Amino acid sequence: MRKTLKVDLKLKNKLDEKIYNFFTIISEVALKLKMKAYAVGGMVRDLIMDIPIKDIDIVIEGNAIEFAKEFSTIVGGKLIAHNEFKTASVIINGEKIDFATARQEYYDEISSGLPHVEESSLKLDLYRRDFTINTLAISLNENFGELIDYFGGVKDIKDKKIRILHNLSFIEDPTRVFRALRFAEKFNFLLGQQTEKLMKNALELGVLNTVSKNRLFLEFSLVLKEEKVVEILKKINDYKIFKYLHKEFYIDENCFNLINTGKDFVKMCTFFCPIEFRIEAIYFSILKFCFRKKFNLTNILGIVDSKIEKIYSQMIQINVFLSKRRKKSEIYFFLKPMALEAQIAAFAISKSNYVKEALISYIRDLQFIKPLVSGKDLITLGFKPSAIFGKILNDCFEKQIEGEFTSKQEAIDYIKNKYLN
Ligand code: CTP
């Protein structure tokens, strides 16, 4: 039987108005197309735990592509359909809603063996998921807003437990080992006793050897994106799981310290320059640096993202460049084309105060300096546009960065003296 809970989710208060409106539209589409729609997964878990929700995942009992098409027509969104997976995404003003087709039918063991088409495809869909806390659903049908909890997810959230749904869960999908440790640290939960036992058994059986390095590193990169990255890495280390990423891979205290230093610097950078960056690339570069003498991760990381290779190499270049004292303008021109991720990683791995000070000064101040003089100013001064423009502007900007003049007038006087006499 479907277990619905009269939990007041306060959907209207907790959800962003825009998302709430999408849910009401989804509900209308469900009625019109005679399908059933449910919000599922991490979003429901986060809603119950009162933490900000990220992705919106909708499971459809029916054809999700047809459903998403109708929804996107109403909201004026962009539809991306994946026919082979029977899934679709709708993008509306940068917001993404994923629609997936639930299993068509579900055979209840204690019933006559007839499929419970009406309500059970959702249950089967949820049963195939990793942990009970991720199996909650919210109905977007007649019983709009009702919480559906087949597998005790709410109790496990209250008890702060990570529990798998069946004994073969880690065998079926060994990457869940990473997920279990990630969720446990992220939410400050414990692994259920049986879950931990089955996880250890699966590890002893070597299940992680059966997964491609690509998949393992993708799952691992989710760990690196977490706020509690160091705590999770320590757990992965405790369970001796790093060796599956590479046979010699291990992390020592020094490496944890470098990652912590990187993490602190990330906070400062986010404060001074709130731009998007790939946080996992920073930690990948630091990890690679820690093991560079033992082995080369190039190929494996290349699978995850070639950007990591670029960042790693820039990180090393920055440290080499700053191993000598440099003028402010040299620092500016050298760091300008470098990725912020590389600058942060370079800070983390360096033991030199000079390197750290130079990077702080660039991120706090230097990077924001704008030239006082432009090409237009040169034309006003009577210069004819030519190759010399670049030379003059560069020369002038360099002096400005060195603090030799602070006002535009001083810069113009400098140009007049040097280039117009
Ligand atoms: N899932 C699973 N096994 C996996 C990966 C995912 O069962 N190896 C299921 C989970 O139940 C999850 C859903 O697929 O709820 C969506 O996956 P994902 O977006 O990775 O998980 P979230 O729970 O949304 O986690 P996060 O907060 O990290 O985004």
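Tutor: By class, the second largest pocket is lined by 5 nonpolar, 1 polar and 7 charged residues, where Ala, Val, Leu, Ile, Met, Phe, Trp, Tyr, Cys and Pro count as nonpolar, Asp, Glu, Lys and Arg as charged, and the others, Gly among them, as polar. This is a predicted model, in which local features need pLDDT of at least 70 and side-chain atom pairs count only at pLDDT 80 or more, while totals for chains, interfaces and linings use all residues. Residues are numbered from 1 along each chain as its sequence is written, and side-chain values use heavy atoms, with hydrogens and water left out.

Student: How is a pocket found, and what volume does the second largest pocket have?

Tutor: Rolling a probe the size of a water molecule over the atoms shows where empty space is left. A pocket is an open set of points, on a 1 Å grid over the protein atoms alone, where a 1.4 Å probe fits, with protein on both sides within 12 Å along at least five of seven lines, and lining residues have an atom within 4 Å of a point. Grid points are joined across faces, edges and corners, and a volume is the space filled by probe spheres set on the points. The second largest pocket has a volume of about 240 Å³. Of its 13 lining residues, Lys225, Glu226, Glu227, Val266 and Ile279 are the closest to the centre.

Student: What is the volume of the largest pocket, and which residues are closest to its centre?

Tutor: The largest pocket has a volume of about 1,200 Å³. It is lined by 38 residues, of which Gly42, Asp57, Arg129, Asp130 and Arg179 are the closest to its centre. The lining of the largest pocket divides into 10 nonpolar, 9 polar and 19 charged residues. Both domain 1 (4–159) and domain 2 (160–251) give residues to this lining, so the largest pocket lies between them.

Student: How should I read the faces of helix H4?

Tutor: An α-helix has 3.6 residues a turn, so residues three or four places apart point the same way. Helices (H or I, at least four residues) and strands (E, at least two) are DSSP runs, numbered from the N terminus. Buried means under 20% relative accessible area, exposed over 50%, and partly exposed in between (1.4 Å probe, protein chains only). The buried residues of H4 are Ala64, Ile65, Phe67, Ala68, Phe71, Ser72 and Val75. They cover an arc of only 155 degrees around the axis, taken from the directions from the helix axis to the C-beta atoms, which puts them on the same side of H4. Lys69 and Thr73 are exposed on the other side of H4.

Student: Where are Asp50 and Lys86, and what is the phi of each?

Tutor: Most residues other than glycine have a negative phi, and most peptide bonds are trans. Asp50, in the loop between H3 and E3, has a phi near 60 degrees, a positive value in a residue other than glycine. Asp50 counts as exposed, at 56% relative accessibility. Lys86, in the loop between strand E4 (78–82) and E5, has a positive phi near 55 degrees, and at 46% relative accessibility counts as partly exposed.

Student: Is Gly192 buried or exposed?

Tutor: Gly192, in the loop between strand E10 (190–191) and helix H9 (193–204), is buried, with a relative accessible area of 4%.

How values were computed. Domains from an automatic or database assignment.
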